[in-house]
Amino acid sequence: MARIKGVDIPNNKRIEIALTYIYGIGRSLSNKILSDAKVDVNKRAGSLDNDELDRIREQVEKYMIEGDLRREVNMNIKTKMEINSYQGRMHKRGLPVRGQRTNRNARTRKGKGKTVANKKK
């Protein structure tokens, strides 16, 4: 198993898909990294030689991914909560942040429904 930025990428998958196991790398960024590193997207991750892996690691270093990106996102959320913006208030309450309705849906964010006594009238 190859390791890139502290993440084990699966050997049996195409390298284009295997790179998406790294937080912050999706399909489009994966393709851009592979084209810059001059590696075939259809190659399996297990069949890459050390030279190709080194070129991929070099390209990945240019982007903010994994721990740095997670830290950045969490700091942005904390900042919004501190300045008491609308999104920050929604984060504090555990409600949907991006403008969705909250009175009848949002179960993913709100959790399991709470039963209210004498509601059926």
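Trainee: What do the buried residues of H3 pack against?

Mentor: They pack against strand E1 (2–4), helix H1 (15–18) and H2, where contact means heavy atoms within 4.5 Å. Helices (H or I, at least four residues) and strands (E, at least two) are DSSP runs, numbered from the N terminus. This is a predicted model, with local features needing pLDDT of at least 70 and side-chain atom pairs counting only at pLDDT 80 or more, while totals for chains, interfaces and linings use all residues. Residues are numbered from 1 along each chain as its sequence is written, and side-chain values use heavy atoms, leaving out hydrogens and water.

Trainee: Why is glutamine 59 called buried?

Mentor: Buried means under 20% relative accessible area, exposed over 50%, and partly exposed in between (1.4 Å probe, protein chains only). Glutamine 59 has 9%, so it counts as buried. Beyond its neighbours within four places in sequence, glutamine 59 is in contact with Ile33, Asp36 and Ala37.

Trainee: What makes the buried residues of H3 line one face?

Mentor: The buried residues are Glu52, Leu53, Ile56, Gln59 and Val60. Down the axis of H3, they fall within an arc of 125 degrees (taken from the directions from the helix axis to the C-beta atoms), so they line one face. Asn50 and Glu58, on the other side of H3, are exposed.

Trainee: And why is H2 called oblique to H3?

Mentor: Helix H2 (residues 27–37) and helix H3 (residues 50–60) pack at about 125 degrees, their axes 9 Å apart. Axes are lines fitted to C-alpha atoms, for helices over the stretch in contact, and angles run from 0 to 180 degrees between N-to-C directions. Under 35 degrees is roughly parallel, over 145 roughly antiparallel, 65 to 115 roughly perpendicular and the rest oblique; therefore H2 is oblique to H3.
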